[in-house]
Structure formats: structure tokens, C-alpha cells
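Let's take a walk through this one together.

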Amino acid sequence: MICTSKKLKGSLTIEASLVIPLFLFAMFMVLSVIDLMRFHLNLQEAVHQVARELAVTAYSEWDCTEGSVRADVLKRLDGRLMDKAPVKDKASGIDFSGTKLNDREIVEISASYEAELPYDSLGLFDYRFSTKCVMHTLTGYEKGLDARSVDDREEEYVYITETGTVYHRDRECSYLRLSITETSKDSLKNLRNSSGHKYYPCEKCGRKAGNTVYITKDGTCYHSSLHCSGLKRTVRCVPLSKVGGRGPCSRCGH
């Protein structure tokens, strides 16, 4: 009787040499993705914290730029985490250009970056990631809320500012809700407000202005600082009988 079966002594070794590298590669990929998720969650939390802090302090002060927001977010990230982050160019690779801070009533912080996974040689993942937080500032105003007592509800309530000369019937009037734009002083000669007028230096801060100035759509002045009272609106809801000598706003007072 002749036996035709043969033992392949090296087959197990060959299979192991093929499977184990693939297994280790898959494990490294999973670990790198987990590391990326951990960084993204930390970045998301830092963005939320900064947005919340700006929303709380907006009532009393408003001095923030894209650069200051960037510094605050990166400060809240653990230094060692940032150094080992799977992000192209590390901290300098995080882009905050989508951040919008011109509207004092809304804070919108956006951070995007390109991930860097060392074992993704096949390009299986989308490398662009972003996170965003939009928050309404805590300015003490809620639409429809006023301080009327039961006996006063028949009287109309309007909105005034500390230095304004008119009263407003609409809280969303563009004269109350400023849209601040940052621009260069050199470009002012080509800019006009919504009424077609030129911009002149603010009596309080305009003459100290450097090349960077701040203007509004409906204003006639340019400002050197976001702290200037000309860029702030402290709005109060009062009975129409308490407006004093103020007249109605040309846009919403009639």
C-alpha cells in the first residue's frame, strides 16, 4: 500500500508570517484612530469652554479677536496632548478662520485641521476635521420679556439706550444690533456706510487709531478700540411714558 499524503512542515510558519503583520497593522490603525478621537473631543470641549466664557463676559466687556480666541483654545488643551496630536503641523495647523465675532450677541467659534495618521498609507480616511460652537451671549435680554407689572400691561414698552436720542419699538432694529467690521484705516476713503456717508474719526477714540480700525454698517465714525462706548449698546426696556425727550426711531419707531 502506497501513502500519497505529505506533511507540509512550513505551512503554519508561512501563515503566521502573513497574518500577524496584518493583525498588528490593523491594531495600530485602530489605536491611531482612537488617539485622533481623543484629541478631537478635547478640542471640541476647549472650543465650547471659550465660547461659553465669551458669552458670559460679553455683557460687561467685548475685547476678542480670532487671535485671542485661538490662544485661549490652545491654552485649554493639554500641552503633551497637543505635542502628540495626530494633526498636521500640530498647533499651527489648527485653522480658526471660520470664527465670527463681529456680532456682539452671537459667538461662533470654528476650528478645523488636517489629521495625520501614520499608518493610513492607503488613504482610507477623510483627513479634514472641524468643530464649531455657536452661542448666544448672556446680555440679560430675552425676546418678549420685560419688567411690566400687572397694572402696567396696558402701556406700550419700547427700547432705549443710555446715550441715544430716539426710542425703538423693535429690539432687533439695526441701530440697536450693531454689526462691527474690522478694516484698515487706509481703505476708509473707499468705504461708505448704509446711507452713503464717509467715516470720520470717533470723538473719543478715533484720533488714536492705528492702521486697524472698527466701523459699523449704519455708523459714521471709525474707532480704534472695541472698548469704545460708541460700539456698545446698553439697551433698556421702558414704558413709552419714560422715554423723556426722545423721538421715535426712523426705522422702527412708527
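Where is D89 found? Look in the loop between helix 3 and strand 1, where helices are DSSP runs of H or I with at least four residues and strands are DSSP runs of E with at least two, both numbered from the N terminus. Before going on, a word on the ground rules: this is a predicted model, in which local features need pLDDT of at least 70 and side-chain atom pairs count only at pLDDT 80 or more, while totals for chains, interfaces and linings use all residues. Residues are numbered from 1 along each chain as its sequence is written, and side-chain values use heavy atoms, with hydrogens and water left out.

Back to that loop. Most residues other than glycine have a negative phi. D89, though, has a positive phi, near 70 degrees, and K90, found in that loop between helix 3 and strand 1, has one of about 55 degrees without being a glycine. D89 counts as exposed at 52% relative accessibility, and K90 is partly exposed at 32%; buried means under 20% relative accessible area, exposed over 50%, and partly exposed in between, with a 1.4 Å probe and protein chains only.

Now zoom out. The protein has 3 helices and 10 strands, and along the sequence they run α-α-α-β-β-β-β-β-β-β-β-β-β. Of its 254 residues, 32% are buried. It exposes about 16500 Å², 54% of that from carbon and sulfur atoms (areas by the Shrake-Rupley method with a 1.4 Å probe; for residues, only the protein chains shown count as cover). Take the contacts (heavy atoms within 4.5 Å) with a separation of 6 or more: residues 24 or more positions apart account for 64% of them.

Next, the inside. Nonpolar side chains tend to be buried together in soluble globular proteins. A nonpolar core here is a set of buried Ala, Val, Leu, Ile, Met, Phe, Trp, Tyr and Cys residues joined through side-chain atoms within 4.5 Å. The largest one has 28 residues, and F39, L43, L54, V73, I94 and I109 touch the most other members. At least two residues of this core come from each of helix 1 (11-57), helix 2 (66-76), helix 3 (79-83), strand 1 (106-114) and strand 2 (128-136), with helix 1 giving the most, 9 residues. Apart from this core lies another, of 6 residues, among them L188, Y199, V213 and I215. To see what surrounds I109, leave out residues up to four places away in sequence: I109 then touches V47, V50, A51, L54, V69, T99, T131, K132 and C133.

Strand 3 (residues 157-161) deserves a stop. It is largely enclosed by the rest of the structure, because 5 of its 5 residues are buried. In a regular strand the side chains alternate between the two faces of the sheet. Here Y157, Y159 and T161 point one way, V158 and I160 the other. Strand 3 pairs with strand 9 (residues 235-239) in the antiparallel sense over 5 bridges, where pairing takes at least two bridges found by DSSP.

What about the cysteines? With a disulfide taken as a pair of cysteine sulfur atoms within 2.5 Å, the count is 0. C249 is in no disulfide, since the nearest cysteine sulfur, that of C252, is 3.8 Å away. C249 is buried, at 1% relative accessibility, whereas C237 is partly exposed at 25%.
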